[in-house]
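Work through the exercises below with the sequence and the model open beside you. Try each task before you read its solution.

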Amino acid sequence: MIPLVAVVSLRGRESRTLRVWVPLILLWLLLVPLAVLLSPLIFIVCLICRVNPFRAFSVGWQILRALNDTEVEIEHRSAGVSICVF
Amino acid sequence: MNEHRRQILQMLSEGKISADEAERLISALEDRPPVGSSQNVSESATKARPKYLRVQVDSEEAGHEGPTKVNVRVPMQLLRAGVKLAGLIPQQALNRANQAIHAQGIRFDLSQIKPENLEELIDQLSDLSVDVDQKDREANVKVKVFCE
């Protein structure tokens with residue numbers, strides 16, 4: 001399953017936390033037509049670089065699927081940012 | 001009869017240990033889960049397959065207001081996919097990288113790295129645990145890398 005939602009949390013110095021839920025599914029829906037349009041170009045680039053385009057697509061898809069449950073948290077002094085992908 | 005139990009009883013009959021000691025040894029044997037039991041198998045299975053690689057950095061510099069903390073959780077699946085991505089590197093790029101590595105005096109051939117070897121390497125990461133603790137006058141830095 002590809003990630004559907006990303007939660008971005010921003011914490012300012014006043015301990016206020018802004019939490020944004022990013023619906024990634026909408027992003028994917030927007031990107032699919034673009035990917036379809038660009039696929040011939042990507043195919044040609046892969047052939048020029050001597051990379052198997054089907055393998056490249058497969059690896060790209062696996063990376064996208066594996067992004068689930070990725071979490072990055074950075075805190076500096078009293079401010080912080082956190083990104084979770086579900 | 002269990003081999004260990006038989007040895008304990010033999011030691012008792014030979015007078016090497018007292019009845020109390022024999023009783024304690026037998027009860028200790030009973031408390032210990034048998035080798036190859038389902039619990040052991042499930043424990044080793046879960047231990048062998050960690051789900052995430054965790055990187056934690058905790059840094060505190062002198063003269064700054066507060067510490068800097070970084071906490072990254074990377075799914076092992078992402079590492080595996082990333083390894084496969086490395087397999088897509090074109091031969092020309094590999095040759096260039098090899099030349100650059102050789103120029104540094106390192107005898108290493110990147111083209112010898114096979115995806116199956118890297119898979120094995122990632123599987124072995126389950127036992128990885130890196131703990132770095134640096135303390136000096138200017139900074140106090142702790143880095144932890146482990147699988148969970």
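**Exercise 1.** In what order do the elements of chain B run from the N terminus on?

*Solution.* Before counting, note that this is a predicted model, in which local features need pLDDT of at least 70 and side-chain atom pairs count only at pLDDT 80 or more, while totals for chains, interfaces and linings use all residues. Residues are numbered from 1 along each chain as its sequence is written, and chains are lettered from A and ligands numbered from 1 in the order in which they are written. Helices (H or I, at least four residues) and strands (E, at least two) are DSSP runs, numbered from the N terminus. Chain B contains six helices and four strands, and their order is α-α-α-β-β-α-α-α-β-β.

**Exercise 2.** Describe the side of chain B that touches chain A.

*Solution.* Start with the contacts, for which the C-beta atoms of two residues, placed from the backbone, must lie within 7 Å. By this rule, 20 residues of chain B are in contact with 21 residues of chain A. Next, ask which elements take part: strand E2 (68-75) and helix H4 (76-86) of chain B each supply at least two residues, and E2(B) gives the most, with eight residues.

**Exercise 3.** Find the strand partners of E3(A), residues 71-76.

*Solution.* Two strands pair if DSSP finds at least two bridges between them. Within chain A, six bridges join E3(A) to the antiparallel strand E4(A), residues 79-85, with Glu75(A) opposite Gly80(A). E3(A) and E4(A) form a hairpin with two residues between them, and Arg77(A) in the turn has a positive phi of about 55°.

**Exercise 4.** Does helix H5(B) lie largely in the open or is it buried, and why?

*Solution.* A residue is buried if 20 or more other C-beta atoms lie within 10 Å of its own, exposed if 12 or fewer, and partly exposed in between, with C-beta atoms placed from the backbone. Of the 13 residues of H5(B), the number buried is zero, so the helix lies largely in the open. Just after H5(B), Gly105(B) takes a positive phi of about 85°.
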